Amino acid sequence: MTLLETPRIHSAHEATAASSAPGGYDGRAIPADVAAWVSDIAELAQPAEIHWCDGSTRERHELLQQLVAAGTIEQLNPELRPYSFVARSHEGDVARLESRTFICSQDEADAGPTNNWREPVAMRAELTAVFRGTMRGRTMYVVPFSMGPIGSPMAKMGVQVTDSPYVVVSMGTMTRMGSAALDAIAAGADWVPAVHSVGAPLAPGEHDVAWPCNDAKYVAHFPETREIWSFGSAYGGNAILAKKAFALRIASVQARDEGWLAEHMLLIKVTAPSGKAYHLAAAFPSACGKTNLAMLTPSIPGWSVETIGDDIAWLRIGADGRLRAINPEAGFFGVAPGTSATTNPTAIDTLWGNTIFTNVATTDDGDVWWEGLTPTPPAHLTDWRGRSWTPGSGTRAAHPNSRFTVSARQCPSIASTWEDPEGVVVDAIVFGGRRASNVPLVVEARDWDHGVFMGATIASEQTAAAEGTVGELRRDPFAMLPFCGYNMGDYFAHWLDFGRRLRRSARVPRVFQVNWFRKGADGSFLWPGFGDNARVLQWMVERLEGTASADESPLGCVPAADGLNLDGLDLDDDRVRELFAVDPAALRVEVDDIERFFATFGERLPAELPRQFELLRARLDD
Ligand code: OXD
Ligand code: MN
């Protein structure tokens with residue numbers, strides 16, 4: 001790069017004006033290491049301009065206007081959906097790309113059998129080639145952000161550079177983004193660098209497309225140097241690097257090294273009619289109803305559920321010896337299809353305005369629609385591809401992985417403690433998946449180690465959140481299969497070790513497994529789900545309080561007869577029996593599958609897991 005091509009660095013309020021001097025940012029000092037890194041990336045990617053994001057409302061407004069002008073987003077009817085927008089992505093850029101997600105640890109064994117490993121030197125060379133000149137003709141945005149409330153001892157900082165203004169506004173919703181985060185870095189906080197490009201340089205005078213992206217895609221993580229490099233996609237977790245790439249893949253490595261947990265978990269506060277409140281952290285694979293559970297409206301009187309987070313939780317042992325957790329995110333990037341006033345009225349209320357929808361359908365009067373929003377679709381829609389759509393056309397109007405991006409602050413059920421810098425005390429951990437068979441409605445683990453076994457053996461039917469065949473059963477330990485940044489065998493060991501540390505502290509949380517999705521012989525769901533899931537939460541709380549009795553089953557403790565509150569529910573005894581049925585023959589087949597899965601970890605599998613496995617086998621043979 002010659003000196004003449006050196007990109008201009010300017011403040012947020014000078015997005016198109018002449019630059020202020022490098023190092024100037026709203027009069028603030030830019031930390032030298034951040035400035036040096038930004039300048040290195042700019043030298044490689046060669047953007048036309050550099051914009052340091054301050055996270056202000058004015059900046060967001062300007063970016064949204066720019067995105068409307070570029071055709072990336074369209075404003076919805078302000079009378080129906082104030083200050084809200086719809087984006088239609090490129091048809092080849094609609095989900096997380098697990099096959100293009102790489103963990104580039106020095107040693108392949110440290111990535112483990114569940115990750116795509118790439119040798120870091122070779123990957124750096126490949127990335128350098130694709131990133132060279134990738135931002136030509138575009139603005140590179142520098143996005144300083146905090147995961148967790150700024151100032152929280154549990155928060156962590158990052159800086160993402162991106163050439164996508166759509167990604168900037170998404171980061172603005174999903175994180176605490178802007179000057180305050182940069183100030184925290186200037187004050188000495190460590191930060192994770194994340195480089196993102198849509199991979200679509202513009203030649204002088206070239207007309208841009210609405211959703212620039214590249215057929216070649218990479219979401220690469222370097223765990224030892226805590227770096228993220230993403231190329232070619234602007235969709236969700238591929239591009240909003242604070243979320244899956246940082247808050248789970250890189251953070252899981254930091255958590256292993258620093259003795260905490262970075263998990264794919266929602267966080268809720270459940271209050272019993274007595275007024276006593278408990279906090280639950282629950283891990284479910286992508287698109288298995290985490291947002292619905294996080295915003296649940298209980299069907300049973302006297303109970304309430306408040307939201308702290310819907311996707312990611314960071315947990316550590318607090319100064320008081322209790323397990324404490326924060327939601328590191330500031331917004332929800334939720335799956336739209338299936339969200340309705342019946343399934344999740346709180347989400348519907350949250351989405352009243354100030355929302356960016358991606359790949360949903362739009363109505364003729366300028367509002368949004370997706371499958372499941374209303375029992376019958378409107379007579380005419382514009383589908384997620386931007387084409388005219390009528391019911392019966394045989395295609396889906398909204399993409400199955402269409403999303404809403406909205407601030408957590410807008411959620412009517414958000415708990416007043418959701419930004420508590422110390423985190424909330426976690427009383428119970430829940431694991432779940434989407435299972436048509438074999439897994440009962442609820443089971444309680446005998447102890448922490450048994451709970452780790454439950455987490456390690458979660459399997460779920462694949463959803464549309466990532467590429468792959470929807471419906472196929474896959475092992476998804478701790479719902480972290482696509483998100484664990486290191487060898488999952490070591491991750492299991494870390495969980496076991498964490499339990500040993502918890503046992504030395506005040507109280508070890510209880511562990512449960514749930515399955516809302518079991519089907520009967522007739523193929524229909526056995527359990528009504530949604531608001532009625534509060535009945536299962538009630539049983540868990542009563543277990544915590546020591547008032548609910550349980551029966552032993554080979555899988556763990558299940559509610560004793562009459563233990564589950566089924567008042568007012570039209571569920572006959574046969575269905576209840578089916579919900580909790582344990583079929584040893586079917587489970588033995590499952591156990592063989594678990595054995596094969598565990599074998600893939602070789603000597604990295606901690607001995608406690610095969611021990612738990614043999615105990616289960618023996619219980620099934622009893
Ligand atoms: C998500 C996912 O977007 O898990 O939360 O895919
Ligand atoms: Mn998720």
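**Ground rules**

I number residues from 1 along each chain as its sequence is written, with chains lettered from A and ligands numbered from 1 in the order in which they are written. Because the model is predicted, local features need pLDDT of at least 70 and side-chain atom pairs count only at pLDDT 80 or more, while totals for chains, interfaces and linings use all residues; side-chain values use heavy atoms, with hydrogens and water left out.

**Entry 1**

Helices (H or I, at least four residues) and strands (E, at least two) are DSSP runs, numbered from the N terminus. I then checked burial, where buried means under 20% relative accessible area, exposed over 50%, and partly exposed in between (1.4 Å probe, protein chains only). His264 is buried at a relative accessible area of 0%, and Asp311 is buried at 8%.

**Entry 1: around ligand 1**

Next I asked which residues are closest to ligand 1. Ten residues surround this ligand, and the closest are Arg96, Lys244, Ser286, Asp311 and Arg403; a residue counts as near if one of its heavy atoms lies within 4 Å.

I compared the length of helix α2 (residues 57-70) with expectation: at 1.5 Å a residue its 14 residues should span 20 Å, and its end C-alpha atoms are 20 Å apart, which agrees. The expected span is 1.5 Å times one less than the number of residues. The buried residues of α2 are Glu59, Leu63, Leu64 and Leu67. They cover an arc of only 135° around the axis, which puts them on the same side of α2; the arc is that of the directions from the helix axis to the C-beta atoms. On the other side of α2, Thr57 and Ala69 are exposed. Gly71 follows α2 and has a positive phi, near 85°.

Is helix α13 (residues 533-545) largely enclosed or largely open, I wondered? Eleven of its 13 residues are buried, so α13 is largely enclosed by the rest of the structure, and the buried ones include Trp539 and Met540. Just after α13, Gly546 takes a positive phi of about 80°.

**Entry 2: strands**

I turned to strand β9 (residues 139-147), where eight of the nine residues are buried, so the strand is largely enclosed by the rest of the structure. Two strands pair if DSSP finds at least two bridges between them. Strand β4 (residues 49-52) pairs with β9 in the parallel sense over four bridges, and His51 stands opposite Tyr141 in β9. Strand β10 (residues 156-162) pairs with β9 in the antiparallel sense over seven bridges, with Val161 in β10 as the bridge partner of Val142.

Elsewhere I found an open sheet of four strands in the order β24-β23-β25-β26, with antiparallel pairing. β24 (368-369) and β26 (388-389) stand at the edges, each with a single partner strand, so one side of each is left without a neighbour in the sheet.

Asn438 has a positive phi of about 70° although it is not a glycine, and at 11% relative accessibility it counts as buried. Asp562 likewise has a positive phi of about 70° without being a glycine, but Asp562 is exposed, with a relative accessible area of 81%.
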